[in-house]
Amino acid sequence: MRELTYNEAAVEAVAEEMRRDPKIFYMSTDPIGPLLREFGAERVRATPITEAALTGMAIGAAGSGFRPIVDWRQVTFCFVAMDQIVNQAAKIHYMFGGQVSFPILYRAAVGGGGQVAAQHSQSPYSMFMNVAGLRMFLPSTPHDIKGLMKTAIRDNNPVISFESSRLMTRKGPVPDEDYTIPLGQADIKREGSDVTVVALAWLVHEALAAAEELAQEGILVEVVDPRTLVPLDAQTIRTSVQKTGRLVIADEAGPTAGFSAEIAAVVTEDGATFAQLKAPVKRVCALQVPIPYSPVLENHVFPDRQRIITGIREVLHGRRSTAAA
Amino acid sequence: MSLSTQSLSPNLPPDTQREMLRRMLTIRRFEERASDDYRAGKIYGVVHCYIGEEAVAVGVCSALDRGDRIISTHRGHGHCIAKGADLNRMMAELYGRQTGYCKGKGGSMHIADFGIGMLGANGIVAGGIAIVTGAGLAAQMEGKGGVAVSFFGDGASNAGPFHECLNIAATWKLPMLYVCENNMYAAQTPAAATHALSDVAARAAGYGIPGVVVDGNDIFAVYQAANRAVDRARSGDGPTLIECKTYRWRAHTERRGQPDLRDPAEVEMWKSRDPIAQLEHQLREQGYLDDTELQAVERDIMGAIEAAVTFAEASPFPSPEQATDDVFAA
C-alpha cells in the first residue's frame with residue numbers, strides 16, 4: 001500500500017471532498033498550495049489573520065447552505081475566536097431549535113515537541129469537550145486522519161479536527177480507494193490481555209513502542225486509540241478494561257479536568273467495568289504547566305514511552321485495597 | 001462619509017408607505033404586550049425592547065428582498081417583525097412553548113427564522129457581525145445578487161468583530177450592509193464615554209467604503225440610505241456602513257428595578273421625535289392615511305397580537321426530555 005504523511009493524508013481528504021461537493025470552501029491565513037492550485041482563490045481563500053471573524057463567517061456561510069472549512073493552524077490561535085466557537089458555533093443549532101444545520105470543519109494543530117513554547121504548543125481539547133454542541137477528533141495515523149476528516153466534512157455539525165503537530169511528517173499506509181471512518185469509533189491499535197493503555201495521537205505511537213518493549217517480558221499491553229473525542233467510544237474502552245482489569249491513560253495534555261480525567265470517569269462510573277478493575281487507574285500526562293521552550297524543559301514536561309512503561313508497571317503491581325472487605 | 005439631509009417623502013407607492021407604518025406599529029404593540037406579560041410573569045428571563053428605534057429595522061428591511069439575510073442583536077424583536085417573522089411563533093417562543101421559533105430553547109434573545117433570512121437575535125454584543133458577514137460571503141459565492149445586513153449597536157462598534165469584518169467585507173467587496181443603531185447608550189454607559197469619535201460612520205473611511213449618518217427616526221431617510229447601499233451591494237461594489245442615530249425609549253431591559261441613568265428630559269425629547277408619529281404625520285400630509293384607516297390598522301395589529309398570545313398560551317410547554325434534543329444535527 002502507498003504511504004502518505006499525516007499532513008498529506010489530511011490535505012488529500014480535503015481535496016477529495018472539495019472535488020465531490022462544490023459547496024465546500026476553505027479559509028486560512030495562508031492557503032495550502034496544492035488546494036489553491038487545484039480549486040482556485042474563490043474556494044481556497046487567503047484571509048486576514050482574524051480567527052474570530054473566520055470562525056464566525058463559517059457559521060453564517062454554513063447556515064446559508066455552504067460547507068466551510070476554517071484552518072486555525074495552531075490551536076492556540078483559535079483562542080481569539082472563543083466567543084464564536086463557544087457562544088455561537090456550538091450553541092446556534094440548539095438555541096434556534098434545530099432550524100438549520102451548520103456543517104463546518106475547523107482544523108487545529110495541537111501538542112508540543114517543536115520548541116515553540118507556550119503560545120504555539122498546547123493540547124486544549126478537553127476545554128472544547130466540555131462545550132456541548134461540538135464534535136471533535138484527534139487521529140494518530142495518516143490512515144485515520146484521512147478517513148475521519150472525510151466523515152467530518154460530510155457531518156452536518158461543527159467538527160474540530162485536532163491534528164498532532166508531532167505527527168505531521170510521519171508516514172503511514174493510506175489506501176488508494178475511497179474510504180471513511182465514522183466518528184465515535186475507537187480503534188484497538190494492539191491487542192493484549194494484561195493492561196489497557198488508552199492513548200491519543202503521538203502517544204499512541206509511544207504506547208505501541210512501550211507495548212513492544214514490555215512484550216519481551218511477556219507483558220501483553222492493549223493499546224486503544226479513541227480517535228474521536230466527541231462522541232467518545234466509551235464502550236470499546238470499557239470492554240478493553242473489563243478484559244485486562246488495568247488501565248493507563250496517556251495524554252499529551254495536562255491531567256486537570258482533562259481528557260484523561262474523562263476516560264477515568266467513563267471507566268470507573270460504569271459498574272461492570274469498575275468491578276473488573278484490579279488496580280487504581282493511572283494517568284500519564286504532561287505536567288500541568290504552560291509548555292516551555294528549552295528542549296530540556298519541554299522534554300521534562302511531556303510523557304513518553306518510558307513514563308508509559310513506568311505507569312504500566314505501577315498498575316501491574318497495584319492492588320485494590322481490601323481494607324473494607 | 002456623507003450626511004443625509006432631512007428626507008422628503010420618497011417616491012414610494014402609498015401601500016408601501018402604509019405597510020411601513022403597519023410594521024413599525026406592530027413592533028411597538030408587540031413589545032408593549034411582551035413587556036406587560038413579562039411583568040405578569042408569563043414571559044421569563046429577560047426582554048429588551050426596541051421601542052423608539054422601529055424606523056431603523058423597518059426602513060432597512062423595506063429595502064430588502066425576502067431572500068436577503070439579516071442578523072440581529074439581543075434587542076431583536078424589531079428585526080424579526082421587520083423581516084416578516086410570524087407573531088404567533090415569536091410570542092410562543094417568549095412564552096417558552098414548544099411551538100416557538102426555537103421550541104422554547106432560545107427565548108427573547110435568540111429568535112431566528114432562517115426561512116425568511118433572519119439569522120437570529122444574538123445575545124453577545126458584536127457576536128452576530130461575523131456570522132452575517134459569512135452570509136454575505138455566501139451570497140457573493142451564490143452569485144444571485146443577494147445581500148446580507150448586520151444590525152448592531154453603538155456598543156458593538158467598539159468590539160473587535162466590527163473591525164475584522166468591515167475590513168474583510170471591504171477587501172472582498174461583500175454584498176453587505178453594516179447598520180449601526182446608535183441609540184447613544186451601551187446598556188447604561190453613554191456612547192460619548194466610550195467612543196473617540198461621535199460618528200461611528202466616520203470609521204468607514206478606514207476601510208475605503210461609504211459611511212452614512214442618517215436620522216434613525218426618519219424612516220424615509222433610513223430607507224433611502226439602505227436602498228442606495230443595497231444597490232451598491234447588488235452591483236458588486238461592496239459594503240456600506242450606515243449609522244442610524246436613534247434612541248431607545250425604555251430602560252436597557254424590562255427587568256424590574258433595572259436602573260436607567262438617563263436624563264428624563266432627554267428621554268422626553270426623543271419621544272417627541274417618535275418615528276411612528278412622524279411617519280403617520282407624513283402619510284396624513286400626503287393624503288395616504290386618515291383616522292378611520294389608522295384605527296383599522298391598529299385594530300388589525302391588536303387582533304394579531306391577541307391571537308399570538310392566545311396561540312402561545314394554548315401551546316404546550318416542551319417536555320423536559322426535549323432539553324437533550326437538537327444539540328447536534330442529524
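Modeller: B:Tyr185 is buried, because its relative accessibility of 12% falls under the 20% limit. B:Tyr247 counts as buried too, at 0% relative accessibility. Keep in mind that this is a predicted model. The two tyrosine rings pair up. The ring centres of B:Tyr185 and B:Tyr247 are 6.2 Å apart. Their planes stand at 85 degrees, so the pair is edge-to-face. The partners come from distant parts of the chain, 62 residues apart. B:Tyr185 sits in strand S5 (residues 185-186) of chain B. B:Tyr247 sits in the loop between strand S8 (240-245) and helix H8 (264-271) of chain B.

Over all chains, a search of the whole structure finds nine aromatic pairs. One of them joins B:Phe152 and B:Phe162. Here the centres lie 5.6 Å apart and the planes make 65 degrees, so this pair is edge-to-face. B:Phe152 belongs to strand S3 (residues 148-153) of chain B, and B:Phe162 to helix H6 (residues 160-172) of chain B. The pair therefore ties together parts that are ten residues apart in sequence.

Chain A brings 41 residues to it and chain B brings 39 residues. The area buried between chain A and chain B is about 3200 Å². Carbon and sulfur atoms give 65% of that area. A:Phe96 returns here. Together with A:Met57 and A:Tyr94, A:Phe96 supplies 21% of the area that chain A buries against chain B, more than any other three residues.

What kind of polar links cross between the chains? Between chain A and chain B there are 13 residue pairs in polar contact, and zero salt bridges. Several elements of chain A each supply at least two residues to the side that touches chain B, among them strand S2 (24-28), helix H4 (82-89) and helix H5 (92-95). H3(A) gives the most to that side, with eight residues. By class, the side of chain A that touches chain B holds 20 nonpolar, 17 polar and four charged residues.

Notes. Residues are numbered from 1 along each chain as its sequence is written. Chains are lettered from A and ligands numbered from 1 in the order in which they are written. This is a predicted model: local features need pLDDT of at least 70, side-chain atom pairs count only at pLDDT 80 or more; totals for chains, interfaces and linings use all residues. Side-chain values use heavy atoms; hydrogens and water are left out. Contact means heavy atoms within 4.5 Å. Buried area is the accessible area (1.4 Å probe) that two parts lose on being put together, summed over both. A salt bridge is a side-chain nitrogen of Lys or Arg within 4 Å of a carboxyl oxygen of Asp or Glu. A polar contact is a pair of N or O atoms within 3.5 Å; within protein, one must be able to donate a hydrogen and the other to accept it, and residues adjacent in sequence count only if both atoms are side-chain atoms. Helices (H or I, at least four residues) and strands (E, at least two) are DSSP runs, numbered from the N terminus. Ala, Val, Leu, Ile, Met, Phe, Trp, Tyr, Cys and Pro count as nonpolar, Asp, Glu, Lys and Arg as charged, and the others, Gly among them, as polar. Rings of Phe, Tyr and Trp (its six-membered ring) pair if their centres lie within 6.5 Å; planes under 30 degrees apart count as stacked, over 60 as edge-to-face and the rest as tilted. Buried means under 20% relative accessible area, exposed over 50%, partly exposed in between (1.4 Å probe, protein chains only).
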